[in-house]
Amino acid sequence: MAALRQWLLGVIACAMLVSLADQLCPKGTARLPVRFAGGLLLLLAMLRPVGLAEAADGAWADGYREAVSQLEIELGGAWESSFSDGIAERLAAYIEDKAEGMGAPVRAEVTMETRGGTPVPERVTLYGAYDGALSAWIAGELGVAKERQQWIDG
């Protein structure tokens, strides 16, 4: 806020100086170069923050780049986790529907693992009586081996 105040005071002071020089200059052709120089001076005063930002590029740009990089990492992890959780929920519902169709109602929980940036089912926990046909279907269709299927009866 202090930098904005200082910049604004500088622009106002420059405008007043240019106006004073214009008033003190005699009328005629001598006034044109004074007005031109005054306009350039006022323009430079207004664009001063741009020059300072470029001069201090390493000071604020590095911090900005670090903040953006950190935010990308955080958001990427949150997105990946959210995406994986959504797939796990849909996959559990799919297993439950298939089990219902096979006459072996269960409640399913799926644990996902990311391989090569792609979430894949790692482990399935099934709450209900063991059913060999459903277990074989999960192994064949979803790629979750019987060793990674946990059946909890009741």
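Mentor: Begin with Met 46, which is partly exposed, at a relative accessible area of 43%; buried means under 20%, exposed over 50%, and partly exposed in between, with a 1.4 Å probe and protein chains only. This is a predicted model, in which local features need pLDDT of at least 70 and side-chain atom pairs count only at pLDDT 80 or more, while totals for chains, interfaces and linings use all residues. Residues are numbered from 1 along each chain as its sequence is written, and side-chain values use heavy atoms, with hydrogens and water left out.

Trainee: In which helix does Met 46 lie?

Mentor: Helices (H or I, at least four residues) and strands (E, at least two) are DSSP runs numbered from the N terminus, and Met 46 belongs to helix H2, residues 31-55.

Trainee: How many strands form the open sheet, and in what order?

Mentor: Two strands pair if DSSP finds at least two bridges between them; here 3 strands form an open sheet in the order E1-E2-E3, with mixed pairing. The edge strands, E1 and E3, each pair on one side only.

Trainee: Which way do the paired strands run, and how many bridges join E1 to E2?

Mentor: E1 (residues 107-115) and E2 (residues 118-127) run antiparallel, joined by 9 bridges, and Glu 109 stands opposite Thr 125 in E2. They form a hairpin with 2 residues between them, and Gly 116 in the turn has a positive phi of about 60 degrees. By contrast, E2 and E3 (residues 149-152) run parallel, joined by 4 bridges, and Leu 126 has Trp 151 in E3 as its bridge partner.
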